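Please keep the structure open beside them as you read.

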Amino acid sequence: MTPKERTFRILNHEIVDRPSVLSATQTGTCELMEASGAYWPDASFDADLMAKLASAAHTIAGLEGVRIPFCLTVLAESMGCIIDRGRSDRQPAVAKTLYDQGKSPNTEKILESARVQTIFDAIHKIKDMKFDVPLIVGFEGPTTLAGHLLGVERLCLMMIKKPDEVMKYIEAAEEACVIYAKALIREGADIIAPADPTASPSVLSPRMFEKFSKKPLMSVASVAKMSILHICGNATPILNHMADCGFSALSIEEKVDLTTAKSLLKERRVAIVGNVPSAGVLLTGSEEEVFRVSKQAIASGVDILAPSCGIAPRTPTRNLRAMVRAALSP
Ligand SMILES: [Zn+2]
């Protein structure tokens, strides 16, 4: 069984010999930039550099997946937000929302945008490398994208005060995510992995999640056979809603207790991805600690061993390798 076949089986909810080990969230680190010669910020905007840096997480760190891109701004920029390119150790971010530019959301030309075309090119380049691991393509989930278009504070305020008006943005974000997800699969992505941090209970109440985030996520899940939804923070109160959305797997942070998550999702057809603490262990811990925490996650029943959230740029490669060793060793 190749690592790719194993991951596909896990996402198909079949029995396998061991968990896969990969990242459903961003994988660019300073050490991997040095090793591959592909640095931020350019690697977020150039297909060749993106393919080089992303594949280093597989070829050098040993992760059983190649995951692009390194930020959550591709759809935001394709819809007209102005982006700060970031630095060698900082991801691109939205500098000016659509709302602040006085523009209305429009999804018509998103696939023609330079950022989206870069992602398509990077997909083709990585596919040409013929790895036996899955190619995972992430993007901002609908609520996060709506937050990019409006600003997160304005989004939350409008959900309460102007629920009809906010729908124009949420529906546009949903449509953009669906159009993009379909295109990613057509271009060769094996797994789509939306991350929707703004839908986290630390930003939205579970009731608001149900009202504004759930249906758009269901639409995104419906277009792909293999999919992983990542939501940050303590997602325990919305785990069942997340499972209702129809993704093959849910990626959760360390704030979610794995044993609780397993028991809440016991009857559901959904795999669990996570939840080795990205900051508390992978970034700052020793190799021994990474190995021990990873083994604990496996013992608690994680289906795919992974960082709990985006890998921090200063994370040492030896710690990523220690996580990989934990999944591979008996
Ligand atoms: Zn996260």
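1. Which residues does Leu72 touch, not counting residues up to four places away in sequence? The model is a predicted one, and in it Leu72 touches Glu140, Thr144 and Ala195. You will find Leu72 in the loop between strand 2 (66-68) and helix 4 (74-78). There are 27 other C-beta atoms within 10 Å of Leu72, so this residue is buried. One more pair to display is Leu72 and Gly138: they are 66 residues apart along the chain, and their C-alpha atoms are separated by 8.0 Å.

2. Leu204 is another loop leucine to look at. Its loop runs between strand 6 (191-195) and helix 9 (206-221). Leu204 has 23 C-beta neighbours inside 10 Å and therefore counts as buried. Leaving out residues up to four places away in sequence, Leu204 touches Ala199, Phe209 and Ser213. As for Lys168, it is 36 residues from Leu204 in sequence, and the C-alpha to C-alpha distance is 18 Å.

3. Is Leu111 buried or partly exposed? Leu111 counts as partly exposed because it has 16 C-beta neighbours inside 10 Å, where the cut-off for a buried residue is 20 or more. Leu111 is placed in the loop between strand 4 (93-96) and helix 5. Val116, Ile179 and Ala183 are what Leu111 touches, again not counting residues up to four places away in sequence.

4. The crossing is right-handed. On the helix 3 side, the contact is made by Ala47, Asp48, Met50, Ala51, Ala54 and Ser55, and on the helix 5 side by Thr118, Asp121, Ala122, Lys125 and Ile126. Sorted by class, this contact has six nonpolar, two polar and three charged residues.

5. At what angle do helix 6 (residues 142-150) and helix 7 (residues 152-161) pack? The angle is about 105 degrees, and the axes are 7 Å apart. Helix 6 and helix 7 are therefore roughly perpendicular to each other. Helix 6 brings Ala146, Gly147 and Leu150 to the contact, while helix 7 brings Val152, Arg154, Leu155 and Met158. By class, that gives five nonpolar residues, one polar and one charged.

6. Helix 7 also packs with helix 8 (residues 163-187). Here the axes come within 6 Å and cross at roughly 135 degrees, so the two helices are oblique to each other. Leu155, Met158 and Met159 of helix 7 make the contact with Pro163, Glu165 and Val166 of helix 8. The contact of helix 7 with helix 8 has five nonpolar residues, one charged and no polar ones.

7. Which residues of helix 13 (residues 287-299) are buried? They are Val290, Phe291, Val293, Ser294 and Ala297. Among the elements covering the buried residues of helix 13 are helix 11 (258-264), strand 9 (271-276), helix 12 (278-283), strand 10 (304-307) and helix 14 (317-328). Helix 13 has 13 residues and reaches 18 Å from its first C-alpha to its last, close to the 18 Å expected at 1.5 Å a residue. Following this helix is Gly301, with a positive phi near 100 degrees.

8. Last comes helix 14. Its buried residues are Asn319, Leu320, Ala322, Met323, Val324, Ala326 and Ala327. The cover over them includes strand 1 (20-21), strand 9, helix 12, helix 13 and strand 10. Helix 14 has twelve residues and spans 16 Å from first C-alpha to last, close to the 16 Å expected at 1.5 Å a residue.

Definitions and conventions:
Residues numbered from 1 in each chain as written. Predicted model: local features only at pLDDT ≥ 70, side-chain atom pairs only at ≥ 80, totals over all residues. Left-handed = near helix turned anticlockwise from the far one by under 90°. Helix = DSSP H or I, 4+ residues; strand = E, 2+ residues; numbered from the N terminus. Contact = placed C-beta atoms within 7 Å. Nonpolar A, V, L, I, M, F, W, Y, C, P; charged D, E, K, R; others polar. Expected span 1.5 Å × (residues − 1). Buried ≥ 20, exposed ≤ 12 C-beta atoms within 10 Å, placed from the backbone. Axes fitted to C-alpha atoms, helices over the stretch in contact; angles between N-to-C directions. Parallel < 35°, antiparallel > 145°, perpendicular 65-115°, else oblique.
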